[in-house]
Amino acid sequence: MIVKSLGLKNFRNHSDTGILFSDRFNIIYGDNGQGKTNILEAIYLCASGRSHRTSKDSELIKFGCDSYSINNLVKSTGLDKDINISYLADQKKQIKINEIPLTKIGALMGNLYAVLFSPEDLFIVKQGPTERRRFADITLSQIKPSYFYNLQLMSKILKQRNMLLKSLTDNSSLIDTIDIWNIKLAEVAASIIVARRAFAGLLSRLAQNQHKYLSGEREIISFDYDCSFQISEDTKREEVKENYLKILEKTLSRDISIGYTSVGPHRDDYDIKINGKSLKTYGSQGQQRSAVLSLKISEIELINMETGDYPVLLLDDVMSELDENRQKYLMQSIDKVQTFITCTSDMKFRNTLVSDSNYYKVVEGQIVDGL
Ligand code: ATP
Ligand code: MG
């Protein structure tokens with residue numbers, strides 16, 4: 001996929017920015033706090049329906065204004081798509097594709113695939129399960145709109161079930177209605193679990209290849225799905241659902257006493273290991289960085305395998321964090337991918353990337369220098 005152009009109106013510190021991009025490398029440079037990441041954020045928003053930095057659309061509106069809009073022209077398999085996202089304060093976000101309004105945000109998925117790589121991705125290794133689930137959920141949602149709908153549905157069902165659990169302490173006669181919620185929850189949870197297991201299996205295989213090379217054959221990486229209850233590699237969806245239903249019944253009295261659902265996909269995790277040992281606990285800083293790089297490159301490949309399209313790659317400030325070898329490796333791995341790079345200095349790229357590169361200098365939310 002190719003992002004051909006981007007138009008921003010009152011988005012973050014960009015009042016009125018219009019950019020035509022190169023199909024290959026786009027180097028967005030400038031001092032700190034000028035609005036470089038804001039450009040990547042807008043592209044990412046068009047792919048995933050949400051910002052990677054905030055869940056509040058109001059924060060994206062330029063200070064003192066009451067709306068923002070993003071226009072993104074995307075080319076995929078020969079077709080041009082005009083993605084338009086606009087938000088008026090206190091109203092619902094409006095998304096249009098080729099002028100046609102979408103009724104559900106999930107319909108945006110699949111129109112643009114984007115992989116974002118920033119220094120915060122180290123959180124995938126270093127922090128808790130929420131970060132790892134987020135990483136997997138965002139990729140899965142982009143490639144499978146049904147997965148995105150299921151996640152939304154599960155979160156609604158969990159809210160309802162948890163409300164019911166809380167009210168059961170005062171009103172035990174409501175206990176009969178819990179079965180309805182258990183069945184609804186198990187149904188959607190089984191689909192999510194099966195998708196996560198397949199995702200982890202494929203990502204793990206791809207990352208193993210990447211990482212072998214990156215670590216000079218010394219390290220084997222694995223990315224294993226750690227379901228919140230036991231399932232095996234070949235447990236079928238129906239069986240997963242039945243197992244989960246049994247667990248929900250078994251844990252009911254505990255769930256009532258704590259007032260929330262203690263087991264389920266909302267408590268899942270992924271285990272990242274190097275040579276069989278937890279990367280979070282035992283990995284060095286350098287090993288953790290390399291592992292994230294392997295996972296990110298694999299994410300690009302996985303999207304290509306699953307959809308037939310390459311995502312665009314958004315590299316936010318990562319080049320300066322990688323040593324020469326890893327930088328070279330990353331560049332070699334993305335030869336088919338349109339890439340957006342933010343950095344504070346363009347000199348290094350001007351010396352090494354010769355062809356198909358566009359340069360944009362950003363100063364206070366404006367592009368002051370192209371090519
Ligand atoms: P760095 O090199 O430090 O990462 P950057 O160029 O990537 O910097 P951005 O994160 O793109 O910077 O933009 C930050 C700037 O945007 C800050 O000056 C901030 O005050 C401004 N900003 C953020 N949100 C808004 C908003 N809603 N309205 C106006 N300006 C905003
Ligand atoms: Mg930035």
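Visitor: Which residues are the closest to ligand 1, and how many surround it?

Guide: In this predicted model, 16 residues surround ligand 1, and the closest are Gly 33, Lys 36, Thr 37, Asn 38 and Ile 61.

Visitor: Which atoms of Arg 12, Asn 32 and Glu 59 lie close to ligand 1?

Guide: Look for pairs of nitrogen or oxygen atoms. For Arg 12, a backbone N or O atom is 3.2 Å from a nitrogen atom of ligand 1. Glu 59 also uses a backbone N or O atom, and this one lies 2.9 Å from a nitrogen atom of the ligand. With Asn 32, a polar side-chain atom sits 2.9 Å from an oxygen atom of ligand 1. As for cover, ligand 1 taken alone exposes 660 Å², and the protein buries 75% of that.

Visitor: What does the UniProt annotation "binding site" cover?

Guide: According to the unreviewed UniProt entry, that annotation covers Gly 30, Asp 31, Asn 32, Gly 33, Gln 34, Gly 35, Lys 36 and Thr 37. Let's visit two of these residues. Gln 34 is in the loop between strand 3 (25–29) and helix 1 (36–48), while Lys 36 belongs to helix 1.

Visitor: Is Lys 36 buried or exposed?

Guide: The relative accessible area of Lys 36 is 8%, so Lys 36 counts as buried, the cut-off being under 20%. Beyond its sequence neighbours within four places, Lys 36 is in contact with Ile 28, Tyr 29, Gly 30, Asp 31, Thr 342, Cys 343 and Val 362. Gln 34 is buried too, at 15%. Setting aside neighbours within four places, its contacts are Asn 13, Val 362, Val 363, Glu 364 and Gly 365.

Visitor: Where does Arg 161 lie, and why does it count as buried?

Guide: Arg 161 is part of helix 4 (residues 145–168). It counts as buried because its relative accessible area is 0%. Not counting residues up to four places away in sequence, Arg 161 touches Ile 178, Trp 181, Asn 182, Leu 185, Leu 248, Leu 252, Asp 255 and Thr 261.

Visitor: How should I read a helix as a whole, and which residues of helix 10 are buried?

Guide: Start with the general idea: an α-helix has 3.6 residues a turn, so residues three or four places apart point the same way. In helix 10 (residues 324–333), the buried residues are Arg 326, Gln 327, Tyr 329, Leu 330 and Met 331. They pack against several elements, including strand 3, helix 5 (178–214) and helix 9 (285–307).

Visitor: What is the phi of Asn 98, and what is that of Asn 275?

Guide: Here is the background: most residues other than glycine have a negative phi. Asn 98 has a positive phi, near 45°, and for Asn 275 the value is also positive, about 45°. Asn 98 is in the loop between strand 6 (94–97) and strand 7 (100–101). Asn 275 is in the loop between strand 10 (269–274) and strand 11 (277–278). Asn 98 is partly exposed at 38% relative accessible area, and Asn 275 is partly exposed at 43%.

Visitor: And which residues does Asp 226 touch?

Guide: Asp 226, in strand 9 (residues 221–226), touches Asp 268, Asp 269, Tyr 270 and Asp 271, leaving out residues up to four places away in sequence. With 34% relative accessibility, Asp 226 counts as partly exposed.

Technical notes: Residues are numbered from 1 along each chain as its sequence is written. Chains are lettered from A and ligands numbered from 1 in the order in which they are written. This is a predicted model: local features need pLDDT of at least 70, side-chain atom pairs count only at pLDDT 80 or more; totals for chains, interfaces and linings use all residues. Side-chain values use heavy atoms; hydrogens and water are left out. UniProt positions are given in the numbering used here, feature names are shortened, and annotations may be inferred rather than shown by experiment. Helices (H or I, at least four residues) and strands (E, at least two) are DSSP runs, numbered from the N terminus. Buried means under 20% relative accessible area, exposed over 50%, partly exposed in between (1.4 Å probe, protein chains only). Contact means heavy atoms within 4.5 Å. A residue is near a molecule or strand if one of its heavy atoms lies within 4 Å of it. A polar contact is a pair of N or O atoms within 3.5 Å; within protein, one must be able to donate a hydrogen and the other to accept it, and residues adjacent in sequence count only if both atoms are side-chain atoms. Accessible areas come from the Shrake-Rupley method with a 1.4 Å probe; for residues, only the protein chains shown count as cover.
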